[in-house]
Amino acid sequence: MTARALQLTAGQAAAWMGGVVVSGAPETLPTTWAIDSRRLQPGAGFFALVAARDGHEFAAAAVDAGASVVVVSREDVAQALSGRTTVVRVDDTTHALQRLGRAVRQQSGARVVAITGSAGKTSTKEAIAALLSGPFQVVKNPGNLNNHLGLPLSLLELRHGADIAVMELGMNHAGEIRTLVGMAEPDVCVWTNVGDAHIGNFGSADGIAEAKAEILEGAGPDTVFVANADDARVMARTAGFPGRVITFGLSARAEVQATRVSDLGMLGTRALIETPAGTCTVTVDIPGLAQLSNVLCAMAVAVAFGVPLADLPPRIATLRPAQRRGEVHRLPSGVTVVDDSYNSSPSALTRSLEMLAHSACTGRRIAVLGEMLELGDLSETLHAGCGRVAAASGIGLLVTVGPAPARALGEAAVSAGLSASAWLHAETSAEAATLVASMVRPGDLVLVKGSRGTRTDLVVDRLRETGA
């Protein structure tokens, strides 16, 4: 089916959501859709979601901000708004949003690329969207809108007639990917890797793999599975897959394979890429071999969609890191900061430390590492393992941030050979920001990484504000 634009009026939305227009004009056409009254643009439709806070309490504020349509489930709010805007009444506003996102996905005729994995989802999403955006009109999740609310909001953008939606699917618990797949109904299922992010919620990497494998549910003979040939747990799910499998990686069995790989540290990577469509050389200007893997994945998707191979290297050369996911800041003082503060897990941190070890600098390699959350009973053990990797990565200064698990990382680094005088500890990121800003010198290379809840972004912001 060819992609087409949709006139998503209040009346049409109500029909697809299983609701009814109780006041105002059914032909009202919202300019966009929102779930936060504080960020609502005039003319938008507003869903009064019931979550940690009841969105019905902000419905009037949404109308004051210019909402053209308000979707509610409470009769009293519907009556209070009558005559002020177009009101759609539904049984459950969250389910209504999800039903509408799925309906738009189905009615649009667009194809959907869905991405899961323990690390690299957002960077891979950005790379896929960039490689497809030449021959196709593409929409993608903004930022990290990848959950049961962000995904349907993102799918609503297909009403404008895009050819392809590139959607990352996030999860913290089993069953969440299944819910998202039920809305996205992917034509292409992308699985980047199985790591240890959120392992405390699953008990083991095998438990994580089982939950990630929900992305393959509902696949048919026309579905494409883009699988990481370097990850045994991902590859184990290719057996018996009913559709087409395309593999990527450094492994010789990968269909989209990187050979002659040069790790250039802070300058990125260069490699010869062999694909079913031919061979090309690419340069990835984002540091770390993990970023090369993300690009290989994106190339596999592009090959599946028939994008000419010659078009890919120039687009790859323009890729830049997503915000706080490996951004490089060169400060006036001569200090270089790698901002990888968006999130962290043991496997992702290991890759970042390997990048640091391969990066040339005239000063010290400094690692500012915040606690990694959601690791459960394995937390101190996994932190200690990362401490041993840190000790072997040639760093001149280690700053750990957070409670006992972060201390365990530092203690393990010292036990593995890091000088005791080269380890400093801060209980909070605010404290670490002051400490690091006072210690960096021209020529230093500073890696900052930690789980979102640890707020290591404060360290980066302080260094950038002071020019360090």
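Which residues does Ser341 touch, not counting those up to four places away in sequence? Here they are: Arg324, Val448, Lys449, Gly450, Thr456 and Asp457. Keep in mind that this is a predicted model.

- You'll find Ser341 in the loop between strand S16 (336-340) and H12.
- Ser341 has a relative accessible area of 3%, so it is buried, the cut-off for that being under 20%.
- The side chains of Ser341 and Asp339 are joined by a polar contact of 2.6 Å.

**Thr192, another loop residue**

- Thr192 sits in the loop between strand S9 (188-191) and helix H8 (205-212).
- With a relative accessible area of 3%, Thr192 is buried.
- What does the side chain of Thr192 reach at 3.2 Å? That would be the backbone oxygen of Ala119.
- Thr192 also has a polar contact of 3.5 Å, side chain to side chain, with Asn193.
- If you leave aside the neighbours within four places in sequence, the contacts of Thr192 include Ile115, Thr116, Gly117 and Ser118. Ala119, Thr124, Asn228 and Phe248 are on that list as well.

**Leu369 in a strand**

- Leu369 belongs to strand S17 (residues 365-370).
- Is Leu369 buried or exposed? Its relative accessibility is 1%, so Leu369 counts as buried.
- Leaving out neighbours within four places in sequence, Leu369 is in contact with Leu349, Leu353, Leu398, Val399 and Thr400, and also with Val401, Leu409, Leu447 and Lys449.
- Two of those partners, Leu349 and Leu353, turn up again in the helix pair H12 and H13.
- Leu369 and Ser344 are 25 residues apart along the chain, and their C-alpha atoms are separated by 9.1 Å.

**The nonpolar cores**

- A bit of background: in soluble globular proteins, nonpolar side chains tend to be buried together.
- How many residues does the largest nonpolar core have? It has 77, and the ones with the most contacts inside it are Met17, Trp33, Phe47 and Leu398.
- Helix H7 (residues 176-184) gives this core its largest share, five residues.
- Apart from that core lies another one, of 40 residues, and Ile115, Ala127, Ala129 and Leu292 are among them.
- Take a look at Phe47: with neighbours within four places in sequence left aside, its contacts are Met17, Trp33, Ala34, Ile35, Val71, Thr93, Ala96, Leu97 and Leu100.

**Helices H12 and H13**

- When two helices pack, the angle between their axes and the distance between the axes are what describe the pair.
- The axes of helix H12 (residues 346-357) and helix H13 (residues 379-391) come within 10 Å and cross at roughly 5°.
- Angles under 35 degrees count as roughly parallel, so H12 and H13 are roughly parallel to each other.
- On the H12 side, the contact is made by Pro346, Leu349, Thr350 and Leu353; on the H13 side, by Leu382, Cys386, Val389 and Ala390.
- Sorted by class, the residues of this contact between H12 and H13 are seven nonpolar, one polar and no charged.

**Helices H4 and H7**

- Helix H4 (residues 93-108) packs with H7 at an angle of about 45°, and their axes are 7 Å apart.
- Gln98, Arg102 and Arg105 in H4 meet Gly182, Met183 and Ala184 in H7.
- By class, the contact of H4 with H7 has two nonpolar, two polar and two charged residues.

- Glu374 lies in the loop between S17 and H13, and its relative accessible area of 36% makes Glu374 partly exposed.
- The phi of Glu374 is positive, near 60°, in a residue other than glycine.
- Arg455 is in the loop between strand S20 (445-449) and helix H16 (457-466), and at 40% relative accessibility Arg455 counts as partly exposed.
- Arg455 is not a glycine, yet it has a positive phi of about 60°.
- Glu465 lies in helix H16 and counts as exposed, at 65% relative accessibility.
- Glu465 and Leu264 are 201 residues apart in sequence and, C-alpha to C-alpha, 28 Å apart in space.

How values were computed:
Residues numbered from 1 in each chain as written. Predicted model: local features only at pLDDT ≥ 70, side-chain atom pairs only at ≥ 80, totals over all residues. Heavy atoms only, no water. Helix = DSSP H or I, 4+ residues; strand = E, 2+ residues; numbered from the N terminus. Buried < 20%, exposed > 50% of the residue type's maximum accessible area, 1.4 Å probe, protein only. Polar contact = N/O pair within 3.5 Å; in protein donor to acceptor, adjacent residues only side chain to side chain. Contact = heavy atoms within 4.5 Å. Core = buried A, V, L, I, M, F, W, Y, C linked by side-chain atoms within 4.5 Å. Axes fitted to C-alpha atoms, helices over the stretch in contact; angles between N-to-C directions. Parallel < 35°, antiparallel > 145°, perpendicular 65-115°, else oblique. Nonpolar A, V, L, I, M, F, W, Y, C, P; charged D, E, K, R; others polar.
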